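Hi there,

Here is the structure I promised to pass on to you. Have a look at it first, and then read my notes below with the model open beside them.

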Amino acid sequence: EKINCAVIGVRSRAKAHVLAIHQDPNAKILYNCDVDDVIIEQHNAWCQETIGYVPKVEKDFRKILEDKDVDAVFIATPEHWHAPMAILAMQAGKHVYVEKPCSHNPHENELLVAAQNKYGKKVQMGNQRRSARTSMMAVEDIRKGLIGEVYKGEAYYSNNRGSIGKGNVIDVPKTLDWDLWQGPAPRTAYKDNVHPYNWHWFRTWGTGEIHNNGTHEIDICRWALGVDLPETVTSFGGKYTYDDDWEFVDNQQVTYGFKGDKFITWTGHSRGIMKPERPGRGITIYGSKGSIELSRNFYKLYDLAGNPIKLEFERTASATTNTQGIGGLDVDHVGNFFDAIREDKAMNAPIADASISTMLCHLGNMAQDVGHTLKIDTKTGKVLNSEAAMKQWGREYEKGWEPKL
C-alpha cells in the first residue's frame with residue numbers, strides 16, 4: 001500500500017517528481033540521488049522547505065537499487081542514462097518512472113520494452129500530457145467523430161535559447177563525480193559548458209529539441225490520430241543562430257507520413273520565437289469537420305470556419321517552457337503510475353507505447369542527418385532505404401556499462 005521512492009537526478013525536472021510524489025499520502029521519498037554535491041545540497045534545502053523533510057542522500061544510484069525497501073525509482077538524469085538506468089532498476093525489482101525521452105537511441109527502445117516484458121515491472125514514461133484531463137477529453141471527442149475524419153497533427157515548440165558558447169577543457173569540480181555522470185557514455189574531457197543543462201545539445205549525452213520537448217507534442221498528435229510508426233519521415237532544418245558547440249539543428253521541420261493519408265508535422269524553434277506569435281508549445285489536430293487546439297492547460301474545439309465551439313481548462317495550470325515543467329499534470333501522471341503499482345490499473349504511458357513516440361523523434365533526427373526522406377518498416381521502425389541512418393540505431397558504450405538483459 002505504501003510506495004517508497006527514490007528520485008535520481010534532482011536538479012530541475014525532479015522537483016516536479018518530488019511534488020507529485022508528495023501529493024500521495026501513502027508514498028514517501030527515501031532517497032535523493034545526484035552526482036553533484038552542490039545540486040544535492042540545494043535540493044535538500046528545497047525539500048526541507050517544500051515537503052518538510054530531507055530524504056537520505058546517495059551519489060551512486062546502484063547503492064539505492066540494493067535497498068529492498070525502495071519500490072520505485074524516478075529517473076530525471078541526462079538522457080544517455082535513461083534506458084540503462086531503467087533496465088538496471090527493473091533487474092533490481094523496482095518499478096520505474098523514466099523521464100522522456102525514454103532512450104538515447106532506437107536500440108535502447110527495444111531493450112527497454114524487452115526488459116519490461118522480462119521483469120514484469122511497471123514502467124511509465126514522463127509524457128505527462130497522457131494523463132491530462134483535457135487531452136483525454138479531446139481524444140474521446142475525436143473518437144466520437146466531433147471533427148470528422150482526422151488527418152493531420154501539427155506539433156510545435158517555440159523558445160529563444162541563448163548561445164552555449166565554445167567550451168574550455170577545465171578540471172572537474174571537486175563536488176562532481178564526472179565519471180559516474182558519464183556512466184554508459186564514452187569518456188570525454190570535462191568542459192565548462194556541458195553540466196548541468198547544456199548536455200541536451202551534445203550528441204554524446206543528449207538528443208536535441210525534438211526529444212527534449214517534441215516528444216510531448218508529437219506523442220499527443222500520434223494518440224489523437226490513432227497511429228503508431230510512420231511509413232516516411234522527412235526533415236528540413238539547420239543550425240542558424242549562433243556559432244557555438246550546439247551539435248543539433250536549432251530550427252527544424254519534420255513531416256511524418258502514415259497509412260491512410262494521415263500525417264504529423266513537428267516545428268521546433270529552439271532559438272527564435274515563432275511569428276506570428278503562438279504559445280510556447282502546443283498541438284492542433286485537423287479533421288474533415290473541424291479542428292482541436294491543445295496546450296498543457298486547455299482544449300479548444302473549432303468548426304471548419306474557425307469558430308470556437310468548446311473551451312475546457314485543466315484543473316490546475318502547468319508550466320510550459322521552463323526546465324521544471326511543474327504542474328497538475330505531473331500529479332495526475334504520477335498518481336496513475338502509483339495506481340498501476342498498487343491496483344494493476346492501466347498506465348497512461350506504458351513503455352511499450354511511449355517508446356513508439358520516442359522512436360518518431362529518433363527518426364526525425366536521423367532523417368535530418370542523412371538529408372533525404374526515410375522509408376520506414378512500420379512494424380520495427382527500422383529504416384529501409386538508408387544504411388547511413390541505420391548506423392544511428394545504436395551507440396558505443398563505455399566498457400562495463402553496456403545495458404544487458
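Predicted model: local features only at pLDDT ≥ 70, side-chain atom pairs only at ≥ 80, totals over all residues.

Helices and strands are DSSP runs, numbered from the N terminus: a helix takes at least four residues, a strand at least two.

Is Asp24 buried or exposed? Buried means under 20% relative accessible area. Asp24 has a relative accessible area of 15%, so Asp24 counts as buried. Leaving aside its neighbours within four places in sequence, Asp24 is in contact with Phe338 and Arg342.

The axes of helix H1 (residues 13-22) and helix H10 (residues 328-343) come within 9 Å and cross at roughly 60 degrees. Their crossing is right-handed. On the H1 side you will find Arg13, Ala16, Ala20 and Ile21, which meet Asp330, Val331, Val334 and Phe338 in H10. The residues of this contact divide into six nonpolar, no polar and two charged.

Now for the sheets. Six strands make up an open sheet with parallel pairing, in the order S3-S2-S1-S4-S5-S6. Strand S3 (56-58) and strand S6 (123-125) are at the edges with a single partner strand each, so one side of each has no neighbour in the sheet. From one strand to the next, the twist averages 20 degrees. One place to look is Tyr31, whose bridge partner in S3 is Lys56.

There is also an open sheet of nine strands with mixed pairing, and its order is S14-S13-S12-S11-S7-S10-S9-S8-S15. Its edge strands are S14 (308-313) and S15 (374-375), each pairing on one side only. Helix H6 (residues 133-143) packs on this sheet, touching S7 (150-158), S11 (281-287), S12 (290-294), S13 (298-303) and S14. The direction of H6 makes about 145 degrees with that of S14. Within the sheet, strand S8 (residues 232-238) and strand S9 (residues 251-258) pair in the antiparallel sense over seven bridges. Gly238 stands opposite Asn251 in S9.

Which strands does helix H9 lie across? H9 (residues 214-225) lies across S7, S9, S10 (262-269), S11 and S12, and runs at about 170 degrees to S7. H9 has twelve residues and reaches 16 Å from its first C-alpha to its last, close to the 16 Å expected at 1.5 Å a residue. How many of the residues of H9 are buried? Twelve of its twelve residues are, including Glu217, Arg222 and Trp223. After H9 comes Gly226, whose phi is positive, near 70 degrees.

H9 also has a helix partner: its axis and that of helix H11 (residues 351-370) come within 9 Å and cross at roughly 115 degrees. This crossing of H9 and H11 is right-handed. Gly214, Thr215, Ile218, Asp219 and Arg222 in H9 meet Asp353, Ile356, Ser357, Thr358, Leu360 and Cys361 in H11. The residues of that contact divide into four nonpolar, four polar and three charged.

Enjoy exploring, and write back with any questions!

Best wishes

Terms used: Residues numbered from 1 in each chain as written. Heavy atoms only, no water. Pairing = 2+ DSSP bridges. Contact = heavy atoms within 4.5 Å. Axes fitted to C-alpha atoms, helices over the stretch in contact; angles between N-to-C directions. Expected span 1.5 Å × (residues − 1). Buried < 20%, exposed > 50% of the residue type's maximum accessible area, 1.4 Å probe, protein only. Left-handed = near helix turned anticlockwise from the far one by under 90°. Nonpolar A, V, L, I, M, F, W, Y, C, P; charged D, E, K, R; others polar.
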